[in-house]
Amino acid sequence: MAFLLEKMGKVQEAFDMMLKTFKEKIDLFMEQITDKRASKHTSNISLLCQQIDGLLLKAIGLCQRNCGRLSEQQREALWFPLLDAVVEPQHKLSSDNSHITVFKDASRQVMNCMMGYIELPAIMAKILKEFTFSEGRFGDVKDLVMGMLGTYNYEKTLMSTVSSMLNGDLMNQLVEKRSLHSKAYVPVKDTCAYCNKHVMSTPSRVQLTVFRYSDY
(Lines give C-alpha, C1' and ligand atoms only; values in the text may rest on other atoms or scores of the structure.)
Protein backbone atom coordinates (compact mmCIF):
# COMPACT_ATOMS: atom_id res chain seq x y z
CA MET A 1 0.00 0.00 0.00
CA ALA A 2 2.83 2.39 0.84
CA PHE A 3 4.32 1.71 -2.59
CA LEU A 4 1.06 2.62 -4.32
CA LEU A 5 0.67 5.79 -2.25
CA GLU A 6 4.20 6.85 -3.21
CA LYS A 7 3.48 6.23 -6.89
CA MET A 8 0.36 8.37 -6.56
CA GLY A 9 2.48 11.22 -5.22
CA LYS A 10 1.18 10.89 -1.65
CA VAL A 11 4.63 10.73 -0.12
CA GLN A 12 3.71 11.79 3.40
CA GLU A 13 0.88 9.26 3.61
CA ALA A 14 3.16 6.50 2.34
CA PHE A 15 5.82 7.46 4.86
CA ASP A 16 3.35 7.61 7.76
CA MET A 17 2.13 4.10 6.93
CA MET A 18 5.68 2.78 6.74
CA LEU A 19 6.68 4.56 9.95
CA LYS A 20 3.69 3.09 11.80
CA THR A 21 4.75 -0.44 10.85
CA PHE A 22 8.35 0.39 11.77
CA LYS A 23 7.35 1.58 15.24
CA GLU A 24 5.19 -1.48 15.81
CA LYS A 25 8.19 -3.72 15.11
CA ILE A 26 10.31 -1.64 17.49
CA ASP A 27 7.67 -1.97 20.22
CA LEU A 28 7.65 -5.74 19.78
CA PHE A 29 11.43 -5.78 19.87
CA MET A 30 11.48 -3.75 23.10
CA GLU A 31 8.96 -6.10 24.70
CA GLN A 32 11.08 -9.11 23.80
CA ILE A 33 14.40 -7.74 25.07
CA THR A 34 12.95 -6.35 28.31
CA ASP A 35 11.17 -9.59 29.13
CA LYS A 36 12.86 -11.47 31.96
CA ARG A 37 12.61 -14.56 29.80
CA ALA A 38 14.43 -12.86 26.91
CA SER A 39 16.79 -15.81 26.56
CA LYS A 40 13.83 -17.89 25.39
CA HIS A 41 13.01 -15.41 22.64
CA THR A 42 16.40 -15.36 20.92
CA SER A 43 15.04 -16.49 17.57
CA ASN A 44 12.21 -13.95 17.70
CA ILE A 45 14.63 -11.15 18.61
CA SER A 46 16.89 -12.01 15.67
CA LEU A 47 13.94 -12.06 13.31
CA LEU A 48 12.69 -8.70 14.61
CA CYS A 49 16.17 -7.24 14.14
CA GLN A 50 16.13 -8.26 10.50
CA GLN A 51 12.64 -6.87 10.02
CA ILE A 52 13.59 -3.56 11.67
CA ASP A 53 16.68 -3.26 9.46
CA GLY A 54 14.62 -3.99 6.35
CA LEU A 55 11.90 -1.48 7.21
CA LEU A 56 14.52 1.15 8.05
CA LEU A 57 16.18 0.74 4.66
CA LYS A 58 12.81 1.02 2.92
CA ALA A 59 11.94 4.19 4.87
CA ILE A 60 15.32 5.75 4.10
CA GLY A 61 14.90 4.85 0.44
CA LEU A 62 11.48 6.50 0.33
CA CYS A 63 12.90 9.68 1.86
CA GLN A 64 15.84 9.78 -0.53
CA ARG A 65 13.73 9.17 -3.62
CA ASN A 66 11.33 12.00 -2.90
CA CYS A 67 13.38 14.67 -1.11
CA GLY A 68 14.48 16.19 -4.40
CA ARG A 69 11.03 17.60 -5.08
CA LEU A 70 10.07 18.52 -1.51
CA SER A 71 10.56 21.73 0.44
CA GLU A 72 12.86 21.94 3.46
CA GLN A 73 9.90 21.73 5.83
CA GLN A 74 8.49 18.69 4.04
CA ARG A 75 11.87 16.96 4.11
CA GLU A 76 12.14 17.54 7.85
CA ALA A 77 8.65 16.06 8.27
CA LEU A 78 10.04 12.82 6.83
CA TRP A 79 13.51 12.56 8.31
CA PHE A 80 12.96 13.84 11.85
CA PRO A 81 10.15 11.41 12.79
CA LEU A 82 12.31 8.58 11.48
CA LEU A 83 15.19 9.80 13.60
CA ASP A 84 12.88 10.03 16.62
CA ALA A 85 11.80 6.43 16.10
CA VAL A 86 15.35 5.07 16.40
CA VAL A 87 16.67 7.43 19.09
CA GLU A 88 13.81 7.33 21.62
CA PRO A 89 14.15 3.57 22.40
CA GLN A 90 17.73 4.25 23.54
CA HIS A 91 16.38 6.29 26.46
CA LYS A 92 14.55 3.21 27.72
CA LEU A 93 17.60 0.96 27.69
CA SER A 94 20.63 1.01 29.94
CA SER A 95 23.99 1.71 28.35
CA ASP A 96 25.22 -1.79 29.17
CA ASN A 97 22.33 -3.46 27.35
CA SER A 98 23.76 -5.31 24.36
CA HIS A 99 20.66 -4.61 22.26
CA ILE A 100 21.10 -0.84 22.42
CA THR A 101 23.65 -1.10 19.60
CA VAL A 102 20.78 -1.94 17.24
CA PHE A 103 19.32 1.52 17.72
CA LYS A 104 22.67 3.30 17.86
CA ASP A 105 23.65 1.83 14.50
CA ALA A 106 20.23 2.73 13.09
CA SER A 107 20.58 6.30 14.38
CA ARG A 108 23.97 6.70 12.70
CA GLN A 109 22.57 5.33 9.47
CA VAL A 110 19.62 7.74 9.48
CA MET A 111 21.78 10.75 10.34
CA ASN A 112 24.38 9.94 7.70
CA CYS A 113 21.67 9.57 5.05
CA MET A 114 19.72 12.69 6.03
CA MET A 115 22.78 14.96 5.93
CA GLY A 116 22.46 15.22 2.17
CA TYR A 117 18.89 16.52 2.42
CA ILE A 118 18.63 18.40 5.73
CA GLU A 119 20.84 21.33 6.70
CA LEU A 120 23.43 20.50 9.34
CA PRO A 121 22.36 23.30 11.77
CA ALA A 122 18.80 21.94 11.72
CA ILE A 123 20.03 18.43 12.54
CA MET A 124 22.24 19.69 15.36
CA ALA A 125 19.39 21.77 16.81
CA LYS A 126 17.09 18.76 16.70
CA ILE A 127 19.55 16.51 18.50
CA LEU A 128 20.74 18.98 21.14
CA LYS A 129 17.31 20.39 21.92
CA GLU A 130 15.16 17.29 22.02
CA PHE A 131 17.51 14.42 22.76
CA THR A 132 20.08 16.01 25.05
CA PHE A 133 19.01 19.03 27.05
CA SER A 134 15.51 17.68 27.60
CA GLU A 135 16.90 14.70 29.50
CA GLY A 136 20.41 15.81 30.38
CA ARG A 137 22.03 12.75 28.82
CA PHE A 138 24.49 14.00 26.25
CA GLY A 139 26.27 10.66 26.40
CA ASP A 140 23.34 9.07 24.57
CA VAL A 141 23.94 11.14 21.47
CA LYS A 142 27.61 12.02 21.82
CA ASP A 143 28.72 9.25 19.47
CA LEU A 144 26.05 10.26 16.95
CA VAL A 145 27.09 13.91 16.97
CA MET A 146 30.80 13.14 16.72
CA GLY A 147 30.20 10.68 13.91
CA MET A 148 28.08 13.19 12.03
CA LEU A 149 30.68 15.95 12.43
CA GLY A 150 33.39 13.54 11.32
CA THR A 151 31.40 12.70 8.20
CA TYR A 152 30.81 16.39 7.53
CA ASN A 153 34.52 17.21 7.84
CA TYR A 154 35.42 14.31 5.56
CA GLU A 155 32.93 15.39 2.89
CA LYS A 156 34.08 19.02 3.20
CA THR A 157 37.72 17.99 2.72
CA LEU A 158 36.78 15.71 -0.16
CA MET A 159 34.80 18.47 -1.88
CA SER A 160 37.67 20.93 -1.42
CA THR A 161 40.17 18.45 -2.88
CA VAL A 162 37.98 17.60 -5.87
CA SER A 163 37.27 21.28 -6.51
CA SER A 164 40.99 22.06 -6.43
CA MET A 165 41.71 19.24 -8.88
CA LEU A 166 38.97 20.38 -11.26
CA ASN A 167 40.20 23.96 -11.13
CA GLY A 168 43.73 22.75 -11.84
CA ASP A 169 42.55 20.73 -14.84
CA LEU A 170 40.55 23.69 -16.15
CA MET A 171 43.57 25.97 -15.80
CA ASN A 172 45.77 23.50 -17.68
CA GLN A 173 43.22 23.31 -20.49
CA LEU A 174 43.06 27.11 -20.76
CA VAL A 175 46.86 27.34 -20.87
CA GLU A 176 46.98 24.67 -23.57
CA LYS A 177 44.31 26.42 -25.64
CA ARG A 178 46.06 29.75 -25.33
CA SER A 179 49.33 28.17 -26.40
CA LEU A 180 47.72 26.60 -29.47
CA HIS A 181 45.97 29.83 -30.46
CA SER A 182 49.21 31.79 -30.26
CA LYS A 183 50.96 29.47 -32.71
CA ALA A 184 50.87 29.88 -36.46
CA TYR A 185 48.67 27.42 -38.28
CA VAL A 186 49.89 25.61 -41.37
CA PRO A 187 47.11 24.00 -43.46
CA VAL A 188 47.66 20.33 -44.16
CA LYS A 189 46.12 20.62 -47.66
CA ASP A 190 46.16 23.26 -50.37
CA THR A 191 42.44 22.87 -51.01
CA CYS A 192 39.50 24.31 -49.11
CA ALA A 193 37.80 21.72 -46.94
CA TYR A 194 34.45 23.46 -47.48
CA CYS A 195 34.31 24.09 -51.26
CA ASN A 196 37.24 21.86 -52.38
CA LYS A 197 38.70 24.67 -54.48
CA HIS A 198 42.45 24.88 -54.90
CA VAL A 199 43.81 27.65 -52.73
CA MET A 200 46.71 28.59 -55.02
CA SER A 201 44.36 29.12 -57.99
CA THR A 202 42.27 31.66 -56.08
CA PRO A 203 42.43 35.15 -57.62
CA SER A 204 44.58 37.58 -55.67
CA ARG A 205 41.65 39.91 -55.07
CA VAL A 206 39.85 37.24 -53.06
CA GLN A 207 40.68 37.17 -49.37
CA LEU A 208 41.42 33.85 -47.71
CA THR A 209 40.83 33.00 -44.09
CA VAL A 210 42.78 30.13 -42.58
CA PHE A 211 41.64 28.84 -39.22
CA ARG A 212 41.87 25.76 -37.03
CA TYR A 213 38.65 23.70 -37.04
CA SER A 214 38.64 21.87 -33.69
CA ASP A 215 37.76 22.26 -30.03
CA TYR A 216 40.89 24.30 -29.58
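Are α4 and α5 roughly parallel or roughly antiparallel to each other? Please bear in mind that this is a predicted model. The axes of these two helices, α4 and α5, cross at roughly 165° and come within 8 Å. Angles over 145 degrees count as roughly antiparallel, and α4 and α5 are therefore roughly antiparallel to each other. The crossing in which α4 passes α5 is left-handed.

Let us look at the residues involved. From α4, Trp79, Phe80, Leu82, Leu83, Val86 and Val87 meet a set in α5 made up of Phe103, Ala106, Ser107, Val110, Met111, Cys113 and Met114. By class, this contact of α4 with α5 has twelve nonpolar residues, one polar and no charged.

I turn now to α3 and α5. Their axes come within 11 Å and cross at roughly 10°, which makes α3 roughly parallel to α5. Here Cys49, Leu56, Leu57, Ile60 and Gln64 in α3 meet Val102, Ala106, Gln109, Val110 and Cys113 in α5. The residues of this contact divide into eight nonpolar, two polar and no charged.

Finally, the core. The largest nonpolar core has 49 residues, of which Phe22, Phe29, Trp79, Leu82, Val110 and Met114 touch the most other members. Among the elements giving two or more residues to this core are α3 (42-66), α4 (72-87) and α5 (100-114). As for Phe29, if neighbours within four places in sequence are left aside, its contacts are Ile45, Leu48, Cys49, Ile52, His99, Val102 and Phe103.

Note on methods:
Residues are numbered from 1 along each chain as its sequence is written. This is a predicted model: local features need pLDDT of at least 70, side-chain atom pairs count only at pLDDT 80 or more; totals for chains, interfaces and linings use all residues. Side-chain values use heavy atoms; hydrogens and water are left out. A nonpolar core is a set of buried Ala, Val, Leu, Ile, Met, Phe, Trp, Tyr and Cys residues joined through side-chain atoms within 4.5 Å. Buried means under 20% relative accessible area, exposed over 50%, partly exposed in between (1.4 Å probe, protein chains only). Helices (H or I, at least four residues) and strands (E, at least two) are DSSP runs, numbered from the N terminus. Contact means heavy atoms within 4.5 Å. Axes are lines fitted to C-alpha atoms, for helices over the stretch in contact, and angles run from 0 to 180 degrees between N-to-C directions. Angles under 35 degrees count as roughly parallel, over 145 as roughly antiparallel, 65 to 115 as roughly perpendicular and the rest as oblique. A crossing is left-handed if the near helix is turned anticlockwise from the far one by less than a right angle, and right-handed if clockwise. Ala, Val, Leu, Ile, Met, Phe, Trp, Tyr, Cys and Pro count as nonpolar, Asp, Glu, Lys and Arg as charged, and the others, Gly among them, as polar.
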